[in-house]
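Dear colleague,

Please find below the structure that I am handing over to you. My notes on what was found in it follow directly after.

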Amino acid sequence: MDPELKILFGVIGGILLVASIVGAVLAKVVKSDGGRATVANLNARTRSWWIMAGIFCATILMGHIFTTVLFGCLSFLALREFITLNQTERADHGVLFWSFFIITPIHYLLVGIQWYGLFSIFIPVYAFVLIPFRRVLTGETKGFLASTSKIQWALMVCVYAVSHIPMLLTLPMHGFEGQNSKLLFFFVMTVQMSDVMQYVWGKTCGKHKVSPNVSPSKTWEGTIGGIATTVAISASLWWATPFNPWQAALMSLVICIAGFFGGLVLSAIKRDLGVKDWGSSIAGHGGFLDRMDSLCFAAPLFFHLTGFYFGTGIDPAAPGWILNLLCK
Amino acid sequence: MLIPREGITRSNNPVDRLAAALEAGRSILIFPEGTRREDGSVGEFRAGLHHLAKRFPAIPLVPVYLENLSRILPKGSFLPVPLIAQAHFREPIRFDETEPKSTFLTRAREALIHQK
């Protein structure tokens, strides 16, 4: 096991240990009813964090295939939550079946075989073309554009964007060969840390709401404090990345800001649908999409920024064995 | 308990079989619509529920609303879509002997659809 990865796992374990101890102390100290509810939620969140971090770290150690499968499953579950809450029509049934059982698996297969060229256009081009084709076959015109747009959006956010996280493992970089799992770890840790720190700062000294209409829990104090803390922590982990300290700081700032807006955007959709959470699968957090909202929008940005400035150029051609198969 | 859709006579009346199960002290789960609608809305309740309730006026009837089933597997489709389904348990209702059959069935349907 990569010794630097060991340290990264240690950092996460340490932070969660501190959170668990603080939670246990708060549970003893806090007496007011409102405070008790907050502490109970905090402790539920921390317990879920231990499980999520454990699964994530174990999967990273198991390698590229397992990581791809993990994020494939997460995409599937996020898509399920997104489509469940966004009402679709009877005529969308066929398209939805395609989205869940054909488009999503094929897309993750492309991540698995590392065919960047098709991966990067499969959903934006092929799914974009096929979805309205399939829908028009039903002969139903009611809500045509609304439905096809919703489904395309759902695939872009839940599948395409999220899949850039396991795709980080395939990004070729000078002097960083075989170490991409640390890059993936750096990204996911920065996004999630940013969420946690914004929550902590917001709960302790949040006063001025950023956008009360969209997300009543986001405050300026929480956002700025959370992002500043995260950038500091992430920048101090520059040695595990292909970046130098200031590059790591800049990258984590971009990740945090994209993550913040991602959370805000998905929050706006939730408010429009009149719900508080996307689901109830993760105790204390809500649904899978509630935990992944900030990852969705930051992942493609981080992937391309890293690839553009630090990569050695991604070969967009099909893998050799596929070309052999097709051209024989 | 499978209920034949055709050829129902006095001798093989499915309500008798349900009644036997209730007398044996078991709970039964019934789908009073008898079918599903194309658009997923709740259909009119069939008379079987009334027959049963009349024979067992003391037994509480718990309406359970199954949300999203028509989106998961609409009538006429063989391919399921894995959406999240929810079962909503409503306040139990009871048989009222002063009530005509159609009023009872409407009341039962309303209790299923609307959250109190």
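Between chain B and chain A, 10 residue pairs are in polar contact, both residues being at pLDDT 80 or more; a polar contact is a pair of N or O atoms within 3.5 Å, where within protein one must be able to donate a hydrogen and the other to accept it, and residues adjacent in sequence count only if both atoms are side-chain atoms. The count of salt bridges between chain B and chain A is zero (a salt bridge is a side-chain nitrogen of Lys or Arg within 4 Å of a carboxyl oxygen of Asp or Glu).

This is a predicted model, in which local features need pLDDT of at least 70 and side-chain atom pairs count only at pLDDT 80 or more, while totals for chains, interfaces and linings use all residues. Residues are numbered from 1 along each chain as its sequence is written, chains are lettered from A and ligands numbered from 1 in the order in which they are written, and side-chain values use heavy atoms, without hydrogens and water.

Over all chains, the salt bridges come to nine. In one of them, Asp195(A) pairs with Arg291(A), the closest N and O atoms being 2.6 Å apart. Asp195(A) and Arg291(A) are 96 residues apart, and both are buried (under 20% relative accessible area, with exposed over 50% and partly exposed in between; 1.4 Å probe, protein chains only). Another salt bridge joins Lys142(A) and Glu89(A), at 3.2 Å between the closest N and O atoms. Here Lys142(A) is exposed at 53% relative accessibility, whereas Glu89(A) is partly exposed at 33%.

With kind regards

Definitions and conventions:
Helix = DSSP H or I, 4+ residues; strand = E, 2+ residues; numbered from the N terminus.
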